[in-house]
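Hi,

Here is the structure I promised to pass on.

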Amino acid sequence: MSGSVRCLIAGNWKMNGVLQEAIDFVGGLQENASPEHVEVALMPPFTLLHTLNARLAEKGVVMGAQNVYYEPKGAFTGSISPMMLRDCGCHYVILGHSERRDVIGENNEQLRKKLDAAWAAGLEPILCIGEHLSERESGATNAVLKSQLAILDSVPGNALLTVAYEPVWAIGTGKTASPEQVTETHAFIHDELKRLGCDCRVLYGGSVNPSNAAELMGCVGVEGALVGGASLKAVSFMAIVNAAAHEFG
Ligand code: PGA
């Protein structure tokens, strides 16, 4: 269900980046930024998509967006449709990031509508799932992930999909899940995805950086990373890509 390359390293810039920073970033990427066996993608803010499309493609980097609305067009002030993202050259769209679930209040019902709309436009959603610290500490991790994945019931057979496991307590905190926690949780997610008939690629996310990327990418069931803070600079992003290339090469 995921793209043909097994490992994906995706940079999520969140609400960061203005034009000059983006141009400097692309200038700092190595000539072919996607090594063999690793696909590299960048999700800049909407405002940079059009400008970055050709520049990223030249470096072998695929582009995505960080959110989309589920209606195709019309009176939805401030919203962006799936076809608008395609028009800018996007292949991916991040959906269900914990910052959107927790800060904006996005729920499962809206997310399923967004998934369907993304698929209808030919986009590949990266569906983010993950538990809060209190949920992990009370032993509820698997139940939380199961309920977040339940929106993948009856997914069209040809739908493109990547899932990203991001423990909320590891996002932007400098804390990462231990290799044991990552391996165990990815095994649960893969089993659940198989049960739902969506056998897709599963990324890890949450404070991935050049120092921990090799260990995290080496965990069984991890097929790439969703990278926030460390994707803002070409040097640290490329270091993560190269660590992944070493693991998946
Ligand atoms: P982080 O963010 O790498 O800065 O922790 C990851 C994410 O939120 O996707």
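Before the notes, one term: by a nonpolar core I mean a set of buried Ala, Val, Leu, Ile, Met, Phe, Trp, Tyr and Cys residues that are joined through side-chain atoms within 4.5 Å. Also keep in mind that this is a predicted model.

With that in hand, the largest nonpolar core has 70 residues, and the members touching the most others are Ile9, Leu152 and Val163. Helix 10 (residues 234–248) supplies the largest share of this core, with nine residues. There is also a second, separate core of 11 residues, with Ala10, Ile94, Ala164 and Leu203 among them.

Ignoring neighbours within four places in sequence, Val163 is in contact with Leu127, Ile129, Leu149, Leu152, Ile189, Leu193, Cys200, Arg201, Val202 and Leu203. Note that Leu152 is on that list, and that Leu203 turns up there too while belonging to the second core.

Now the overall picture. The protein has 10 helices and eight strands. Its radius of gyration is 17 Å, close to the 18 Å that the globule rule gives for 249 residues, so the protein is as compact as a globular protein of that length. Along the principal axes, the C-alpha atoms fill a box of roughly 45 × 45 × 30 Å. If you count contacts between residues at least 6 apart in sequence, 75% of them join residues at least 24 apart.

On burial and surface: 52% of the 249 residues count as buried. The accessible surface comes to about 10900 Å², and carbon and sulfur atoms account for 53% of that.

Most residues other than glycine have a negative phi. Ser154, though, has a positive phi of about 55°, and so does Ser207, also at about 55°. Where do they lie, in terms of the loops? Ser154 is in the loop between helix 7 (141–149) and strand 6 (162–165), whereas Ser207 is in the loop between strand 7 (201–205) and helix 9 (213–217). And is each one buried or exposed? Ser154 is exposed, with a relative accessible area of 57%; Ser207 is buried, at 17%.

Cheers

Definitions and conventions:
Residues are numbered from 1 along each chain as its sequence is written. This is a predicted model: local features need pLDDT of at least 70, side-chain atom pairs count only at pLDDT 80 or more; totals for chains, interfaces and linings use all residues. Side-chain values use heavy atoms; hydrogens and water are left out. Buried means under 20% relative accessible area, exposed over 50%, partly exposed in between (1.4 Å probe, protein chains only). Helices (H or I, at least four residues) and strands (E, at least two) are DSSP runs, numbered from the N terminus. Contact means heavy atoms within 4.5 Å. The radius of gyration is taken over C-alpha atoms; the globule rule is 2.2 Å times the number of residues to the power 0.38. Accessible areas come from the Shrake-Rupley method with a 1.4 Å probe; for residues, only the protein chains shown count as cover.
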